[in-house]
Every structure is written in structure tokens, then in C-alpha cells.
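Here's a quick, friendly tour for anyone meeting this structure for the first time. Have a look at it first, then read on.

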Amino acid sequence: MRRIDGPVRFRGGGFSPRERFWAAAGTLIGLVALWQLGCTEGVIPTLFLPAPVNIAVELWHLTVSGELWINLKPSLERLAIGWSVGTVFGIGMGLAVGLWSALRSPGMAVVSALFPIPKIALVPLFIIWFGIGEGSKIVTVAIGVFFPTVIATAGGVDNVPRSLIRMGQSFGLSTGAIVRKIVLPGALPAILSGFRVTASIAIVLLVAAEMIGAEHGIGAFVLSAGNLYDTDALMAGIVVLSVLGLVVAWVIGLLERGLLAWR
Amino acid sequence: MSDGLRLVLRGVCHAYRDLSVLQDIELVAEPGEVLVLVGPSGCGKSTLLGIMGGLLSPSAGSVRVEGAVAEDCLNPLTYVFQDFALLPWRSVAGNVSLVLEQRLSRADCAARVAEVLTLTGLTEFARAWPRQLSGGMRQRVGIARALAVRPACLLMDEPLSALDAQTRDLLLEEFVALIERARTTTVYVTHNLAEAVRLGQQIVVLSRRPGRVREVVRIDRPLAGRSATDRDLLQVETALWRMIRDDAVAAEREIEHAPH
């Protein structure tokens, strides 16, 4: 026997992480400050990795000259259209696969077969099919977004408690009403989590598609800067992409807070 | 409220693949009557309720509803679920209006929601999320949602079993008042014999799986005059327990020894 004597030790707490804006901002600012210090002290050769200050100056010049907007505007348009198309079709297919047995096996077989194919490898094929214009880039983004959205939505539908669907049936709700009022809201957390993934995939594929065949766009701009060994401009383009990623994550966070307030 | 439906079950059998769950069930729930289904675990009480409500199709036999329903009845056979089955993304009022908003004008819907929230004492929680409510309050929302469609027959699947004893007693008395006021036919599944004798006018005892009607006990006293401490009700409760006990023990052992 072992004798114990003393106050009960607190063992609860934890496992409930909260978002802290200043911790996130401080980390990013700290990393940039370290990077700047490394460049100033000569630890980091600025020929290969320009200093943050130089990148900021380059960004300012690109903004004032209008060159940034000339490249950013088509990228944003392609991103918005491609992501929206891929998301709408992906949610539709995900719901169908999640709800109907007739579509589940064939749908998942197609998704499983096509999802692992690197979509960047398909860009030349899309250029042949849809031309060098906007079509091929939008399709690249849409296809890249489509498959993860199908998987996220179908998973979300699978996780909707069947007792809620039975409740809807017991009250005589139509299939459409059950999908609209029970299945879709129940799958929304998974769909919104999928948005975080698909938004990043969309940016990656957009840049790749623009590098292969575009006159304007952030991808084309970065490639052109790289060809000219203009590392300041190249990094400015990359910073724009990074900021784009942050803005998209922030918007999705707002959506989650608004639409999932019930959690 | 509707005057209630007559629910007639003839030769109802049900099997899950090779496992026979219900066999040859013959029952009649008269209009406005409270029929309570009791029996050991796994005897098919909830399955039978599912068949009555049209959520499950019987392997054999038939379920018929007879009678007239009121014009404002939106769902003649209405369920109340053990786990409440509330939509967590809808407020209390949103859950109650789930069916109404499809079938009524906005004004009529709001009026009916307000009426049932008042009836169930939920008015001040109309905008609360289900997660903010206690178990008892959540089941009140389930009841309010059911009453909002003006049912002709309430199908209640162990509605109090997920609640603590005190809440169960309080809510049981509210059920009595609501059932008396609404005068709907009610089929109430429970494993709690005290609930069965407090509510039941016809208590149907099912045998262990495959469930058959083993005994039908009738209590003619009005619900309002009953109390949990009434000697005659306690005697019925004891008699019911004697009927079920051996089956309940056998069913429990069956569950313990079931392959995992």
C-alpha cells in the first residue's frame, strides 16, 4: 500500500487552443525582423534572398507604377472564377456522392482515380483543350479545387447525424428541404474546412498555370522576374501571394465565425 | 388540436436480415388514448414505434391509421426523440418553426411558434442555441416542435431516458398536462415502469426478442388524478416488473454474451 497525503493536484485545463492575433502578428514580424537582421549583417547574401526592406521598396514601386495591379487583377479574377466554379460543382458532387447510393461508388471511384493526378501536369492538356487564354487557367484552378471540395463535402455529409435526417423525414420534410435545412448546414463545418485547403491549392495552381502560359498575372510576373534575375521583384511577387493567402484565410475565418456561431 | 387517430397494427413482423425482432404484433391505439410500450432491452420497442411512424417498413403485416385530422394538422404522426434530435445550428424558435416555415405564411408561422413556446415555457429562450440549454429544456424544445405541427398522434421514443431523475419527474408531469390538453393519440415507449403507469391507459408488455405482445394492461383512471405514490399504480408497476423481470435478465445476459 502507498500512503498519499496532500491537496488534490489540478489536472484539468488545456486542450482548448484560442486564436491570439498578436501572437500571430508578432511571430510574422519577428521572422521578418530576423531576416532583415541577417541581410544587414551579411549572414544572408542579398543576391539570392533580398532584404525585406528592399522587397518593400520594390513593392512600393510596383504599386505606384501600376504594374502590380496589371498583374494582380487578372490573377484575382482567375482565382475567383476558378475557385467558385470548382467549389460549386464540388459541393454539388459531394452532396450527391454523400446522399445517393447510385452515385456514391461511381463518384468516389472517379474522384479517387483523378484526385492524385498533379493538376499542374494537366495544364498543357488544358491549353490544348481550352486555348492559351483564360479558359485553361480557370479550368486548372477549378479542377484543382473540385476534388478536395467533393471529398470534404461528402465527408461532411457522412458526419451529419442520421438521427437528424430521420427527424426531418418523420416531420414529412421533402428531400430538398432535408438537404437544404439539415444536410447542408450539418456538412458546413467540413465544407468550410475544405475551403481553407482549396483556397491554397487554387493559388498554387493559378501561379503554375500563369507561369506556363500568361501575359499578365502574378505567376507570369514572378517567372519573368526570375528569368531576369530580378530577385527583388521576384520576392515582391511572392510576398503578394503570401498576403493573398493571409487575406483568403482571414475571409474564411470570418465566414466560419459568422456561419458557425452555433458551435 | 386534433382529436386523435386510431392506430391499428395487424400481424406486424420485422427482421434485420436473419434476426427476427418483432413477431405478429396486433395492437390498436384508440383515438386520444395513451398507449405505452414496455419490455426488456432489445425487444423491439423502438423498432415498433419506427414502423408505426412510417420510418421503418415492416417485414410483414400492416399499420393503418383511421380517423380525421384537423385542418391545421401539418404532420399527423409526429415523433418526439430520445436524443431530442434538435438542429444545433438553429435557435430554439428556429427548431420549432422547422416544419411550419414551409407550410404556413410568415405571420402564421410566427404566431404558432409564439403559442407553443408559451405553452412549453420556452418564450424567453426563443433565441438561444440548443447547446446553451439543459437536457430538460432541450426535450421541451423537442415537444414544442412536435406540438407546433398540431399532431393527431404523438410517437414518443423514450423521451425522458436521457434526463436526470428530477428533470424526468418534472417533465413527466408536464407531459401529462400537455397530453390531456391536446387529447392526441399517444404511443409512448419507455423502459421505466413508473412512467408507464403514470401515463399509460393501455400498457403493452413485449416479450424479449423477437418481441411479441405478452400482456396488455389497462388503467382506466384519468391521467390528471394519478400520482406516483398511488398504491394501485404501484401494484400495477410491481406486476409489470414481475412480467418483465425474467426476460430483462435474460436479455441483459444475451447482450453481455453477444459477440463483439
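What share of the contacts in chain A with a separation of 6 or more comes from residues 24 or more positions apart? The share is 73%, where a contact means two C-beta atoms, placed from the backbone, within 7 Å.

## Before you start

This is a predicted model: local features need pLDDT of at least 70, side-chain atom pairs count only at pLDDT 80 or more, and totals for chains, interfaces and linings use all residues. Residues are numbered from 1 along each chain as its sequence is written, while chains are lettered from A and ligands numbered from 1 in the order in which they are written.

## Chain A overall

Chain A has ten helices and zero strands, taken as DSSP runs (helices H or I, at least four residues; strands E, at least two) numbered from the N terminus.

Its radius of gyration is 24 Å, whereas a compact globule of 263 residues would come out near 18 Å; that's over C-alpha atoms, with the globule rule being 2.2 Å times the number of residues to the power 0.38. The C-alpha atoms fill a box of roughly 70 × 65 × 35 Å along the principal axes. As for burial, 32% of the 263 residues of chain A count as buried, that is, with 20 or more other C-beta atoms (placed from the backbone) within 10 Å of their own.

## Helix 4 of chain A

Helix 4 (residues 101-114) of chain A is hardly covered, with one buried residue among its 14.

Terms used: Buried ≥ 20, exposed ≤ 12 C-beta atoms within 10 Å, placed from the backbone.
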